[in-house]
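Trainee: I would like to learn how to read the features of a fold from its coordinates. Please take me through one case.

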Amino acid sequence: MSKPIESKAPKADSYTTPLSQYVTGDYTLGKNGCGWTPTTDSVLVLPDTPIRKTAGGIMIPQQVADQKADAAESGIIVALGPDAFIWNSDRTRRLEGTDKPQIGHRAVFNRYSGIKIAGDDGQTYYILVDHSVKATRPL
């Protein structure tokens, strides 16, 4: 499990949902510390981590933080499979004229989607199918 990050106040790299407030995981652009490489149309994402301490100083219990971490809906794209974001969602035609997500982009994806794996660097990652990613933006 990823080590939760403490935050005293919302940071520029935070993301708030109705569920919780999250902060970006420890990521170096262009470096896949996970050790896994996605295949076909898969996407490797480092999910955002829920804060452990509120702005008012209240500590969030570990069990609650773990539940919120499992429900993460955003993160950073760490690696792309060779066929990711090439076809439309039903795989009948190629995507054209659209900006395709890139490594290092922030991504919003379906809650509870993908496979959770432990990376070589001790962080938790998700392997998602490309059509689970609903929106992206550069960091």
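Mentor: We go through the elements, the helix, strand pairing and the cores.
Mentor: This is a predicted model, in which local features need pLDDT of at least 70, side-chain atom pairs count only at pLDDT 80 or more, and totals for chains, interfaces and linings use all residues. Residues are numbered from 1 along each chain as its sequence is written, and side-chain values use heavy atoms, with hydrogens and water left out.

Trainee: How many helices and strands does the protein chain have?
Mentor: Helices (H or I, at least four residues) and strands (E, at least two) are DSSP runs, numbered from the N terminus. The protein chain has 1 helix and 9 strands, in the order β-β-β-β-α-β-β-β-β-β from the N terminus on.

Trainee: Which residues of helix α1 are buried, and what do they pack against?
Mentor: In α1 (residues 62-70) they are Ala 65, Lys 68 and Ala 69. These residues cover an arc of only 105° around the axis, which puts them on the same side of α1; the arc is that of the directions from the helix axis to the C-beta atoms. The buried residues of α1 pack against β2 (21-23), β4 (49-50) and β8 (124-129).

Trainee: Which strands pair with β6?
Mentor: Two strands pair if DSSP finds at least two bridges between them. Strand β5 (residues 74-80) runs antiparallel to β6 (residues 106-109), with 3 bridges. β6 also pairs with β9 (residues 133-137), in the antiparallel sense over 4 bridges. Arg 106 of β6 is the bridge partner of Ile 76, and in β9 the partner of Arg 106 is Arg 137.

Trainee: Which residues form the largest nonpolar core?
Mentor: A nonpolar core is a set of buried Ala, Val, Leu, Ile, Met, Phe, Trp, Tyr and Cys residues joined through side-chain atoms within 4.5 Å. The largest has 10 residues: Val 43, Val 45, Ile 77, Ala 84, Phe 85, Ala 107, Phe 109, Tyr 126, Leu 128 and Val 133. Two or more residues each come from β3 (42-47), β6 and β8. Apart from this core lies another, of 9 residues, among them Cys 34, Leu 46, Ile 76 and Tyr 125.

Trainee: What is Val 133 in contact with, leaving aside its neighbours within four places in sequence?
Mentor: Contact means heavy atoms within 4.5 Å. On that basis Val 133 touches Phe 85, Ala 107, Val 108, Phe 109 and Leu 128.

Note on methods:
Buried means under 20% relative accessible area, exposed over 50%, partly exposed in between (1.4 Å probe, protein chains only).
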